[in-house]
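Let's get to know this one through a few questions and answers. Have a look at the structure first, then read on.

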Amino acid sequence: MVVTTIYVTRHAFRVSYTLNTATGEYYTNSPSPTNIPSDPPLAAYGVQQSHELAAALAKLEPPIEYIYSSPFYRCLQTVEPAFRNLGPGIKVRAENGIGEWYGVANFNHPSPAPPAFLKSLFPSTFDDAYQASIIPPQSGETIAQLHDRVAVALTHIIASVNAECGIKDTSVLICTHAATLIAVGRTLTGDMPDDPNEDDFKAPTAGITKFVRRQDQEIDVSIRSGHNTAKSIGSVDWKDGKGVSGGWTCVLNGSCDHLAGGAERSWHFSGEEKFGTVETAQKILTASAEKPLSLSGQDYRKARESKI
């Protein structure tokens, strides 16, 4: 059958870090297990949230059978307790296409740790056989490019699971970041507001958002393996209410009923994020408009405190 339900969560409360926007250097007072300053672990409070989230995820109906996560450490750490509750048959697939959003810059944003290293950090949960479908540009993206990149990644994820799940319906969990979570909601439903700063899909830490498949949607089981470029993937027609893979309906939006502290650190877009000089950023934006998704290499990130 097909994927009928998609649950989406944002990583739990993380340790902070800072960015020197002039040099592109990231700093933190709390070393990351990946040795990447912009790839922090969860704070102690975030670890608590991850366990509260795991307990809630284990009670969901229909139950979760596949987990896809941003490859950044805080996301993988957030879903690790859920893995223990959901059962050993589920592995976590790191998908760069649902990774962090970085604004356009005149320097390279950092990449996540390579899969082999992440496997050493999460030996029981990490699926090192999975290969990400799309690699975002290290020079950053516009808001529009983020949404289109997420649409491509979701199309691949849904088609991949549809091809695997056989005769039964199934459910997927996605763990990501604030900006990407909002883009997931918009591309699944096909509802892109005229003002991208609109506070439509909620993105509190460790919240739960749920989407169900529209009954009349067509089922796509065609997939491509390996890292893809914009040319090889093509574009996804998701706007004007279409939604990726036939469209989805949001039935739960950023619920935090399972968290002792309730909804915290929610976020929404506040215009484009540009780093470096205005002139440099404009040049990069112009180049990006000609090449919407330059996808080869590895990930990116961003430093607004509540965003990631």
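Q: Which residue with a positive phi follows helix 5?
A: Keep in mind that this is a predicted model. Go to the end of helix 5, which covers residues 178-189, and step on from there. The residue that follows has a phi near 80°, and that's Gly190.

Q: How far apart are the end C-alpha atoms of helix 5?
A: Start with what you'd expect: helix 5 has 12 residues, and at 1.5 Å a residue it should span 16 Å. The expected span uses one less than the number of residues. The model agrees with that, since the end C-alpha atoms are apart by 17 Å.

Q: How many of the residues of helix 5 are buried?
A: Run along the helix and you'll find buried residues including Ala178, Leu181, Arg186 and Thr189. Among the elements that cover them are strand 1 (3-10), helix 4 and strand 6 (170-176). Helix 5 is largely enclosed by the rest of the structure, because the buried count is 12 of the 12.

Q: Which element gives the largest share of the largest nonpolar core?
A: This core has 37 residues, and Ile6, Tyr68, Leu188 and Phe269 are among those that touch the most other members. Elements giving two or more residues to this core include strand 1, strand 4 and helix 5. The largest share is 10 residues, and it comes from helix 4.

Q: How many residues are in the second, separate core?
A: Leu57, Ala113, Ile208 and Leu259 are among its members. The count for this second core is 29 residues.

Q: What kind of aromatic pair do Tyr68 and Tyr130 form?
A: Tyr68 sits in strand 4 and Tyr130 in the loop between helix 3 and helix 4, 62 residues apart. Both are buried. Their rings are 5.6 Å centre to centre with 80° between the planes, and planes over 60 degrees apart get a name of their own, so this pair is edge-to-face.

Q: Why is the pair of Trp267 and Phe269 edge-to-face?
A: Trp267 is buried, with a relative accessible area of 5%, and Phe269 is buried too, at 1%. Ring pairs also link both of them with Trp101 into a cluster. The ring centres of Trp267 and Phe269 are 5.0 Å apart, and the pair counts as edge-to-face because the planes are at 65°.

Methods. Residues are numbered from 1 along each chain as its sequence is written. This is a predicted model: local features need pLDDT of at least 70, side-chain atom pairs count only at pLDDT 80 or more; totals for chains, interfaces and linings use all residues. Side-chain values use heavy atoms; hydrogens and water are left out. Rings of Phe, Tyr and Trp (its six-membered ring) pair if their centres lie within 6.5 Å; planes under 30 degrees apart count as stacked, over 60 as edge-to-face and the rest as tilted. Helices (H or I, at least four residues) and strands (E, at least two) are DSSP runs, numbered from the N terminus. Buried means under 20% relative accessible area, exposed over 50%, partly exposed in between (1.4 Å probe, protein chains only). Contact means heavy atoms within 4.5 Å. A nonpolar core is a set of buried Ala, Val, Leu, Ile, Met, Phe, Trp, Tyr and Cys residues joined through side-chain atoms within 4.5 Å.
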